[in-house]
Amino acid sequence: MLGANLFVRDTRTVALTAEGARLLPLAREVIEKFDSVPGEISKGPLPVRRIPCGVPPWLPPILQTRLTSLGDSKGEKFKLTQSPLVSADIIDGILRGRLDFGFVRPNAHATVLSYTTVWKERIGAVLSREKYESVESITVAELLTLDYIGDRRDSDTEYRRDVEAELDKLGELRRAEFTLGDGARVKDAVASGRAFSLAPLPSPGEPTSLEYDEFVLVPVADLNFRLLTCLAYRDDTAVRDHELQDVLDTIILLFR
């Protein structure tokens, strides 16, 4: 099989040929490695890599479910450690090496990161169920006749600022004197039909989750704004960490 004689034999002795002598050290190395196999097996499974990621409070439930399922299915290879953070903290964590990736709104300032859009959502208007439950959609012009209730909580302002800017382009947005944090006034103003708020429309098949039964979520027919969810990671990942890049590629395929 080797195409060379390794031994010279006679009736009394066996000696190595020159080729055999040259292969002897390699043969010893192979035998030593083979003998070490039981010991390596007895050490148990290899340690599982921990992959920390940033997950914002607004991540769509369908994406949260897919991310958790991915972590569960690949548990023997890696462990996804999810940290609940807002976009700014996720970006900072990736830049400082505390996170391997995260889900954020698009950010043009952190130029050493790559952003891949994995999800798009339309925005709906939160309105009075009594007055608007039967309508299929509402126009921006109709919304601008109502008071707008915004929010200034850090976890919620990331997309509201962008949507508000879009609405301001289409007309004068009449802002209410209170925010979504003032529950009683919000309930009264929206339920009575005097005001509206904004929320992402659920994915097909997902239930609409609103704070009060008196509210209904209605699509805005002529609002072309789309709320983007991006996967953020260092732009040198493909060169620096092939294993992590494989995980990111899987997430992109799974989420789209």
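Predicted model: local features only at pLDDT ≥ 70, side-chain atom pairs only at ≥ 80, totals over all residues.

Is Cys 230 buried or exposed?

Guide: Cys 230 counts as buried, because its relative accessibility is 2%, under the 20% cut-off. Cys 53 also counts as buried, because its relative accessibility is 0%. If you're wondering about disulfides, a search of the whole structure finds zero of them.

Now for the surroundings. Strand β10 covers residues 226–234, and it pairs with β6 in the antiparallel sense over nine bridges. On that side, Leu 113 stands opposite Arg 234 in β10. Strand β10 also pairs with strand β5, residues 101–104, again in the antiparallel sense, this time over three bridges. There, Phe 103 has Leu 231 in β10 as its bridge partner.

Thr 116 counts as buried, because its relative accessibility of 13% is under 20%. Leaving aside residues up to four places away in sequence, Thr 116 touches Thr 229, Cys 230, Leu 231 and Tyr 233, along with Ile 252 and Arg 256. With Tyr 233 there is also a polar contact: the two side chains are joined at 3.2 Å.

In soluble globular proteins, nonpolar side chains tend to be buried together. Here the largest nonpolar core has 22 residues, and Ile 123, Leu 127, Ile 138, Val 163, Phe 196 and Leu 223 have the most contacts inside it. The elements giving two or more residues to this core are β6, α5 (140–143), α6 (157–170), β8 (195–200) and β9 (215–219). Apart from it lies another core, of 21 residues, and Ile 252 is among them, as are Leu 63, Leu 67 and Phe 255.

Not counting residues up to four places away in sequence, Phe 196 touches a list of residues including Ala 125, Val 126, Leu 127, Leu 143 and Tyr 148.

Finally, step back to the whole chain. There are nine helices and ten strands in it, and 39% of its 256 residues count as buried. Among contacts with a separation of 6 or more, 75% come from residues 24 or more positions apart.

How values were computed:
Residues numbered from 1 in each chain as written. Heavy atoms only, no water. Helix = DSSP H or I, 4+ residues; strand = E, 2+ residues; numbered from the N terminus. Buried < 20%, exposed > 50% of the residue type's maximum accessible area, 1.4 Å probe, protein only. Contact = heavy atoms within 4.5 Å. Disulfide = S-S within 2.5 Å. Polar contact = N/O pair within 3.5 Å; in protein donor to acceptor, adjacent residues only side chain to side chain. Core = buried A, V, L, I, M, F, W, Y, C linked by side-chain atoms within 4.5 Å. Pairing = 2+ DSSP bridges.
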